[in-house]
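Take the chain as a whole to begin with, then look at its parts.

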Amino acid sequence: MHYTDILDVNKKNVQNARKYSLAIIDKDMTAAEVIRALHEQRITVEAEEYFYTLQQIGEEAEDEEPVIDAFPALFKAFEAHIAPEPPRKFSVDHPLRLYRSENEAMYDFFDDGVHMLRYDYDAEAWQTYAKKAQTYKMHLHRKQNQLYPHLSDKGISGPLRIFWSYDDDVKNALTEFEKAAKDGNQLAVQSAFYAVYDATAFLMRAEEKLLYPSAFKLLTLNEFIKMEVGDEEIGYAFIEPPVHNQAERQMMRGLDFLMLHHDGSDLSGDTIINLATGRMSLMHLNLMLSHLPFDLTFIDENNLVRYYNARANRLFPRSTGVIGRDVKNCHPRESLNKVQALIDELRTGQCPYADFWFRRDDKMILIRYIAVRDKADAFRGIVEVAMDIAPFAAIEGEQRLLPES
């Protein structure tokens, strides 16, 4: 169902939210002036009504950049005028409850950091703290791979691009914090800590006030149950993994398998598949792909994500929530133009592949995007391969299986 068919919004509330939001985006009013106007007119909106408003504004905007950039001012203006979410009884393993539990744990974690600031600077302690802070990225990975795709199914796009952008602000701040802690400069570490604190606290307030209440209205119980399976694949931040109903988990995994693989043929692992240069059982094919020493993802000619190998310790977390999604909805706004340009170059044959590499922690990550073409040279998609090449860079000499003959 489309979000317009699900959300029962008050049109007057949406009109008011739209009017004052556009005034901020167009810089006709400041956030403070809008706060004063909302207070004087006693205007309030429900969370899902403001979510609806952001989606509508995004759909009508020729360029969403000004909307995304204005979001902190928009949220500041409307935060106190978004009606509180009514009390709800969530099960202990409900995805929204787990997101909230992670945020509560992150606030406690920040309290520990503030406490550390009161004592003499301990470089080793801050390195440990900054490394542990990276755990919060799992919270962000789950949202982007799990919650956002389900909301996208309802026609939601604008608010997701907004949240994705500020998710990545937090990721970047966390990365810079860890770098500063490794360098050991006290002032730089303290500055980076406050940058993480500010970016994360803002995002968590926006999640609690706007994203989660809207998601609760937009998604069904079955969709939340389905999310639980993918959540387990990605992992959790600062909380213990929940103990799910195992019978329910097994049922949902079975449904996932049917939805991803059913084509009217035998679905057992014993099914023999005829490949171009051999024959393998479905079981052996899946095992082989999951044991490759690199992340593998396939995007078809329509830019839809069709496959990823579910290997242990992936460099980039994935869940089945991304299957069937437009690849553009799997990247932050800052990289969208580059992603589209790369796809166009591979599609048109300007280049057969493209390489990118960067350092992350102790890893040197190489990503190769390879154009896939059929025998008639028609473009059929893109294979993305991501691998940690740091172990290979350290290789010296030779190690042969057999002595040289």
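Predicted model: local features only at pLDDT ≥ 70, side-chain atom pairs only at ≥ 80, totals over all residues.

Residues are numbered from 1 along each chain as its sequence is written, and side-chain values use heavy atoms, with hydrogens and water left out.

The chain contains 15 helices and seven strands, taken as DSSP runs (helices H or I, at least four residues; strands E, at least two) and numbered from the N terminus. Its C-alpha trace spans about 85 × 60 × 50 Å along the principal axes. Of the 405 residues, 44% count as buried, that is, under 20% relative accessible area with a 1.4 Å probe and protein chains only.

Helix α10 covers residues 186–218, and its end C-alpha atoms lie 45 Å apart; this agrees with the 48 Å that its 33 residues should span at 1.5 Å a residue, the expected span being 1.5 Å times one less than the number of residues. At Glu207, α10 bends by about 45 degrees, the angle between axes fitted to the seven residues ending there and the seven starting there.

Strands β1 (residues 272–275) and β2 (residues 278–281) pair antiparallel over four bridges; two strands pair if DSSP finds at least two bridges between them. Leu275 stands opposite Gly278 in β2, and two residues separate the strands of this hairpin. Strands β5 (residues 353–360) and β6 (residues 363–373) also run antiparallel, joined by eight bridges. Asp355 has Arg368 in β6 as its bridge partner. Between β5 and β6 there are two residues, and in this hairpin Asp361 takes a positive phi near 55 degrees.

Technical notes: Buried < 20%, exposed > 50% of the residue type's maximum accessible area, 1.4 Å probe, protein only.
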